[in-house]
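Open your viewer and keep the sequence beside it. We will go stop by stop.

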Amino acid sequence: MASETPGLQASSSADETHFANPAEVECAKILDFYGLQWKYEPRSFVLETDEEGRVIEAFTPDFYLPEQDLYLEVTVMKQSLVTRKNRKIRKLREKYPEIKIKLFTRRDFDRLAHKYKLNLAS
Amino acid sequence: MGAQIAADYAGREPVLVTVLKGAFIFLADLSRSIPIAHELDFVVLAAYDGALGGQTKIRLIKDLDLSITGRDVLIVENVIDTGLTLHYLVKTFALRRPREIAACTLLDRPYRRLVDDLPLRYVGFTVPDDFFVGYGFDLEGRFRGLPDMRIVH
């Protein structure tokens, strides 16, 4: 069962949102640059509960793009180190097959940086 | 691809629009392979430098020379990854009330897409997540003129 977290930021401006790390800031700026609406961490998904129904694993994707109905998880870690995030995403897809989610990786940043000479956080 | 485009657009004289600079060589070959009347036009997009406090919204710094109102527009890209650029172009051109907007690309990486509702009608090759140079693709502004595409390791 998914749980809404309405108390979190639901902004569409990179300047008005408190982000967890520089990669998320850059991702928000890129989305702003392209004029895409986004929300920051608007929803948490329960991935696993114990026998009493207590949540033992949950996942909160970084961004939601309402126009695309797409969740986005951002990482600038090396490809070899994204296994943990991939595992969570795989689990989310299994439990919530109707949810669209993608991982925005270091390579995606690099591609955009190369194409438009972006100045991105490493 | 040129023959298919010619068949689909027979009698319609489309405008082929390309974002400089990456797709200009592909456009040159594509245009010469389309045996029906068509026009060419080009746009240039502002580079993002939001991290430096500068340009923070995508915009055209070179707009179309032609009016596309009532015309068939075919956007020509060298590669589509996230689809963000094409999404912006489609939204921007749609405001000018063309008859139709479609897109073609030499290379496609659909598994990297962030925007799915794109009018992508013609795809040359779906490629793996490699970095290409040559045939218009550059590395720091170099190697665009190589006649073939090569993978950079």
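How many residues lie between β3(A) and β4(A) in their hairpin? There are 5, and A:Gly53 in the turn has a positive phi of about 85°. Before moving on, note that this is a predicted model, where local features need pLDDT of at least 70, side-chain atom pairs count only at pLDDT 80 or more, and totals for chains, interfaces and linings use all residues. Residues are numbered from 1 along each chain as its sequence is written, chains are lettered from A and ligands numbered from 1 in the order written, and side-chain values use heavy atoms, without hydrogens or water.

Select residues 43-49 of chain A. This is β3(A), with 5 of its 7 residues buried (under 20% relative accessible area, 1.4 Å probe, protein chains only). Strands are DSSP runs of E, at least two residues; helices are runs of H or I, at least four; both are numbered from the N terminus. Strands pair if DSSP finds at least two bridges between them. Find A:Val46; A:Ala58 stands opposite.

Go to chain B. An open sheet of 6 strands runs β3-β2-β1-β4-β5-β6, with mixed pairing. Its edges are β3 (60-62) and β6 (120-126) of chain B. Zoom in on β4(B) and β5(B): they run parallel, joined by 8 bridges. B:Val73 has B:Ile101 in β5(B) as its bridge partner.

Last, show A:Trp38 and B:Phe93. Both are among the residues that touch the most other members of the largest nonpolar core, which has 40 residues. Such a core is a set of buried Ala, Val, Leu, Ile, Met, Phe, Trp, Tyr and Cys residues joined through side-chain atoms within 4.5 Å.

Terms used
Buried < 20%, exposed > 50% of the residue type's maximum accessible area, 1.4 Å probe, protein only.
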